[in-house]
Amino acid sequence: MALIVAGVIAVICGVPVDEAVILLGITLVASAGAGVIGATVLRRSRGHPVRAQALIVALSSVLVTVAGVVAAAFAMFISTHDLVALTIVLVVAAAVAVGAAFQMGDDIGVGTRQVGAYARTMVGGDGVITGVPEVTGPGELGSLATELAEVYRQLDESRKRERALEGSHRELIAWVSHDLRAPLATIRAMAEALDDDVADDATTISRYHRQIRSDAERLTGLVEDLFELSRINSGALRLAKERVWLGDVVADAMANAYAAAEVKGVQITERIGRLPAVEVSAREFCRALDNLLDNAIRHTPAGGTVAVETEIHEGAVSLSVVDECGGIPEADLPRVFDIAFRGDDSRIRDERGGGLGLAIAQGLIEAHSGSVSVTNHHHGCRFTVHLRDDVSKMTDFERGPLR
């Protein structure tokens, strides 16, 4: 490309063709030789400091220029005086180029050391990074420092989540061990009493049998929760999705909750509008709603109310379960869906609680590409399920009858 441009300039300036060819040929040979020497030295200098490599690049460029100019000067029979003057200019230009290359290499070296020191603080520091340092040198080094800061922030968040998960697992093991030990101890004691004929009257034997069955059902429920949670966390959960009326799924979940609400003395109310047909696994989604309703009923005092509400807005379906549990401390709200989260004494687990219901509900809902959140609401909490679906194109008939 340089030869083409030089040839065009020669033609425009009226240089004879034979002189232009000789000039370009000599310049090409001299510059190519100097370029080969510079490239060879630069390749052999790999692994050396960037300052040395920048100097080699500058000297190579100057050498190419000098070789071309000197060869062209001799070819054109320039006088000695003109050649000396040209040499002086080239020496000054070479000095400027070498100085600029030296300064650039120094800036790059300093910036590299700054980025390296910044990276070492991430490994051996106290884990607190106040900000991105000002890096000397090219903008790429500053961008690299910014990228390192972002990567460190993500790693730090990952470590915090891992520590929180480890803490939750430890709590889960401790609480599940307690929940297993208590009913097992009861079953063992009553079974030994029955074997040793300590309980010999029909009323006591019947009561022992009912208690053993109740504790066995409690253990079965706990084991099923652990198995479901294991499937969710391991990624082994496979949903058999089908298009079903969301209203039917909600109705099934509410039907399951009425008995527990009646025993507890809690009233269930509903404010449900037209609901669309959605792609869900009816069984798994119903279980998630079961867990939310069960949680609301268990923490609502007798005489209280649990409300189920639905809303469709901008192609998204929202389903809320509102209880009267008295609210959750703001500091505990982010941990409500953590495994085995217990909270304060006002939300202590009852005999059925394993601290797994809300974690399972969140996992099942997220498996349906949905989300669930919790907020304090008047005298209780509002758990809201957001399920996105293309409901904007559905007719009222397709959305089903009002419930």
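Begin by selecting Arg283 and Glu284, which form a salt bridge whose closest N and O atoms are 2.7 Å apart, a salt bridge being a side-chain nitrogen of Lys or Arg within 4 Å of a carboxyl oxygen of Asp or Glu. Arg283 counts as exposed at 60% relative accessibility, whereas Glu284 is buried, with a relative accessible area of 6%; buried means under 20% relative accessible area, exposed over 50%, and partly exposed in between, with a 1.4 Å probe and protein chains only.

The model you are viewing is predicted, so that local features need pLDDT of at least 70 and side-chain atom pairs count only at pLDDT 80 or more, while totals for chains, interfaces and linings use all residues. Residues are numbered from 1 along each chain as its sequence is written, and side-chain values use heavy atoms, with hydrogens and water left out.

Next, colour helix α8 (residues 282-299), where 13 of the 18 residues are buried; helices (H or I, at least four residues) and strands (E, at least two) are DSSP runs, numbered from the N terminus. The end C-alpha atoms of α8 are 26 Å apart, in agreement with the 26 Å that its 18 residues should span at 1.5 Å a residue, the expected span being 1.5 Å times one less than the number of residues.

Now select Arg271 and Glu309, whose side chains meet in a salt bridge (2.1 Å, N to O). This pair links distant parts of the chain, with Arg271 in strand β2 (residues 267-271) and Glu309 in strand β4 (residues 305-313), 38 residues apart. Glu309 counts as buried at 16% relative accessibility.

Move on to helix α5 (residues 139-195), in which Glu192 and Arg188 are 4 residues apart and therefore separated by about one helical turn. Their side chains meet in a salt bridge (3.2 Å, N to O); Glu192 is partly exposed, with a relative accessible area of 39%, and Arg188 is exposed, at 58%. The structure holds 6 salt bridges in total.

Finally, show strands β6 (residues 371-377) and β7 (residues 380-388), which pair in the antiparallel sense over 7 bridges, where pairing requires that DSSP finds at least two bridges between two strands. Ser373 stands opposite Thr384 in β7. The two strands β6 and β7 form a hairpin with 2 residues between them, and His378 in the turn has a positive phi of about 50°.
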